[in-house]
Each structure stands twice: as structure tokens, then as C-alpha cells.
Amino acid sequence: MKQSVLSDELEAHVLSMVGALPDLIRWQLVCKRWRRLLTDPAWLPPTILDFDRLRPLVASQYSALLQRWRSAKSVKMTLQASIANEQQWQSDIGVYLTQLRYLQLRTTSAKALLSILTQCHDLQTLEVLQCHGVSLPRLPRPIGLKSLQMHSATHTTPTKLVNFLRKCPSLTSLSLSVASEVTSAIFATLTQACSALERLTLSQCGSMSAAHLASMLDSLGHQLKWLDLSHTVVGAPLSLKRTIQLPYLEGLVMDSTHLQDSFLEHLVCPELRIVSLQNCRYLSDAGILAFALAAPRPALRTIDLKNTNITESTVTAITRHCPTLTHLGIESCRGLPRAMRLHHALQASHRTSAYERVSIATNTVDEEAPPVTTRAPASRRRRGLLGAVVDEDDGDYELGTPDDEATEASLALTMALHHHARRKHTAH
């Protein structure tokens, strides 16, 4: 009988470096020795269960995989697939994976969430991509959750959200989108129940009050690192009457809100890295310039000012004052020369890594529709630099005209790539 070159310990060490799904499942067929190692519950190391790498299975098969990898620390299941009894296998997550720390699901149910949150005591991050028809469960006791992300949370009500937040004293990051009933009234609960909050995103949510916002910033501003209130319903314009210190704020995203100059004037944010003020028509050119030049901006990398009242002199002053700036979004600013808009669009395309950071501030308008992935016709929609879907009939963007920024950027990028290819061919 031929003896194995490697010992069980060495083979187990090598196999532990392989992704659980689908590789370890397939490798069980290599030989009896590997099948014995790969089916030994005592050997299987903590791993990441990425169900997106598998074809859609039935609920019993998902449960069997959970039962096999009881020490899994992370689970991801975001496939666009219809699975019978999906609630059952998701509830089994709480039964089998008691050491789970990270969970990302396409959709779920209140019953499955309750099972997971009450039994996975180490869970720190929960993200649900499509919360249509999903409501937050009522928790019987406090949990250690640190990050909650619920996208398309159309059924999230203020009462259920407040009750949930009161059971999450360790929460540091909260992200909700398309929760039209959630307003700035929840800020009082946030400051009391979630005193450690550092990142707050309420995109496409209910009305925002300047008084509620100012009170929240007074309480949490000393630790806040990210603030995104884009596309929220705003009645009166947002303004501030006193200076608010935000010493650690890195991202400020206020797209399509009624910001006034006084709001930016009273914010002190020395560590800003990303600022997005798309479609903030209440801001004047002087207000934008004063905010950019109010203090040194050593960390500022991205400023998005699409469809604002900015002028050529302000763009020049900002680029001179912020030497570390890698992306300045000025598309749809009709008061600027076409050459300047083209220059900055091309500059972003040349710095891929810097341009990718803009995706952090993505604010995609989500319509309440069935979870079917479709591609809109090019003549009707396009995606902006921050990911916002822009309709053709939006007069502010004037799509379909010869002066379209998307066409300008596309042509410029094509010319740059063609020039780079010619230089590379000449060098060879």
C-alpha cells in the first residue's frame, strides 16, 4: 500500500486554505483520504460560506451545509433565486451557526431574523439587500449587533425601528434605504439607545427636520464618521444656527436635499474625505466656495457637485486649495465651460483607484418592484458617477443632447485608451 507523502496534519493545513464552497465539496471526490478529512466535523476549520458560488439549491441542502460547517463565521446568500421553504433554512442559521459574526442575505423574514438574532450571540454585522415586505422583529433581550444594513426597507415603521434600536446598545453603523415612514424623529432614540453610533445612512427616507438633525449632531458629532441623508424628504430648507464640531467625519452625502449655505457654514469637518452635494440647488456658488476654503482639507479626495450652481472661478479655487483631490464631479453644471467638465470627467477615469472610492457614496434610487434584474434601455436611463439612476425626462440633466456629459466622458476615455494603445505598440 502506497504511503501518503504528507501527514494528516499537513494535508489538513493545506485544505484549510481552500474556499469551502464549492471547492471543498468537489475535492471530496478526489480520494477516500480527502473525503475522510473533509467530512470530519472535528477538523473543519472556521470558514466563509459563500452560497453565491453554488447553483441554487433546495432548503434541505442549505441546512445540511450549515450543519456541516457549524464553526462558520460568515454567511453570504444574495442569489436572485426562488427557493422553496427559504425561511426554514434561514432559521437553521441560528440553530447551527452559533459562532456566526457576519451575515448577508438577499431577502429574509421577521421570523428568520428573530431566530438568528436571538441565537447567534456573536453576530456583529447583518445586511439584507431586499427588505420588501420584511419588518424588524421585537427582540426579547439586548443583542451585541454592531452594524445593521437594510436596503429597500419599505415596511420599516418608526415604532418597530425604535423598539429594535433599544435592544442594540453596541450598534456603531446603521444604514436604511427607501424607508419612507422613518423620519428624523428617530434621532432622539439613536442618541439615547445607540450612544456608540459612528456611521448613519438614511437614504430615500422620510422628512428631515433641521432641529432634530442639529440635536443629533450635538450628541453624536464627536464620534460620527459617516453621514448620508441623501434623497430624503425635506419640507423646509436645512440650515444650522450654531457651529457644530465633527472632528472625525470622513463622508458627508447630502444629495438632492434642500441644504442652505448656513448648514455648510456651521460645520467644522477637518477630516473629510468624501463630500457629495449633487442636486443641492439651494446652495449658492459662494456658499460652496466658503465651505471648501474654510479650513485646510488635507484628507479630501472626492467632491461631487453635479447639477449645482458652481462657477468656473470656484472650481479653480477648490482645485488649488485641495491638492490631494482626485475626483471633482461637475457634470450637468451648465454654468461651466464644456472643456472644464470634460477635463474633470477624464481625470476621474485616469485614476481608477480614486474613482472607485466614489462608489462608497452610492445612492441608487430604488423603486418598489419585483426582484428581477433588468437593464434599462440606454436611451431612457444612465448611471451617474455616484451610481444615481438618471431619467431621460429630467430637465436638469438634459439627456440626449449633443452636450451630454456621458457622451463627452465616453469619447474622452475612448481617445485616451486608443492613445495609450498606440504608445504601447510603438514602444514594442
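This is a predicted model: local features need pLDDT of at least 70, side-chain atom pairs count only at pLDDT 80 or more; totals for chains, interfaces and linings use all residues.
I count a salt bridge where a side-chain nitrogen of Lys or Arg lies within 4 Å of a carboxyl oxygen of Asp or Glu.

**Entry 1, salt bridges.** The one I looked up pairs Arg 106 with Glu 86, and the closest N and O atoms of the two are 3.9 Å apart, which falls within the 4 Å cut-off. I placed Arg 106 in the loop between strand 3 (102-105) and helix 6 (110-119), and Glu 86 in helix 5 (residues 86-96), so this pair ties together parts that are 20 residues apart in sequence.

I then turned to how helix 5 packs on helix 6, and I find an angle of about 10° with the axes 7 Å apart, which makes helix 5 roughly parallel to helix 6. From helix 5 I list Gln 87, Gln 90, Ser 91, Ile 93, Gly 94 and Val 95 in the contact, and from helix 6 Lys 111, Ala 112, Ser 115, Ile 116 and Gln 119. Sorted by class, the residues of this contact are four nonpolar, six polar and one charged.

On the helix 11 side I see Asp 285, Ile 288, Leu 289, Ala 292 and Leu 293, which meet Thr 314, Ala 317, Ile 318 and His 321 of helix 12. The residues of this contact divide into six nonpolar, two polar and one charged.

Searching the whole structure, I find two cavities of 30 Å³ or more, and the largest cavity holds about 80 Å³ of space. Which residues line the largest cavity? I write down Leu 272, Val 275, Leu 277, Ile 288, Phe 291, Ala 292, Arg 297, Leu 300, Ile 303, Leu 305 and Ile 318. Helix 11 gives the largest share of this lining, with three residues. By class I have 10 nonpolar residues in the lining, no polar ones and one charged.

Definitions and conventions: Residues are numbered from 1 along each chain as its sequence is written. Side-chain values use heavy atoms; hydrogens and water are left out. Contact means heavy atoms within 4.5 Å. Helices (H or I, at least four residues) and strands (E, at least two) are DSSP runs, numbered from the N terminus. Ala, Val, Leu, Ile, Met, Phe, Trp, Tyr, Cys and Pro count as nonpolar, Asp, Glu, Lys and Arg as charged, and the others, Gly among them, as polar. On a 1 Å grid over the protein atoms alone, a cavity is a set of points where a 1.4 Å probe fits but cannot get out, and a pocket is an open set with protein on both sides within 12 Å along at least five of seven lines; lining residues have an atom within 4 Å of a point. Grid points are joined across faces, edges and corners, and a volume is the space filled by probe spheres set on the points. Axes are lines fitted to C-alpha atoms, for helices over the stretch in contact, and angles run from 0 to 180 degrees between N-to-C directions. Angles under 35 degrees count as roughly parallel, over 145 as roughly antiparallel, 65 to 115 as roughly perpendicular and the rest as oblique.
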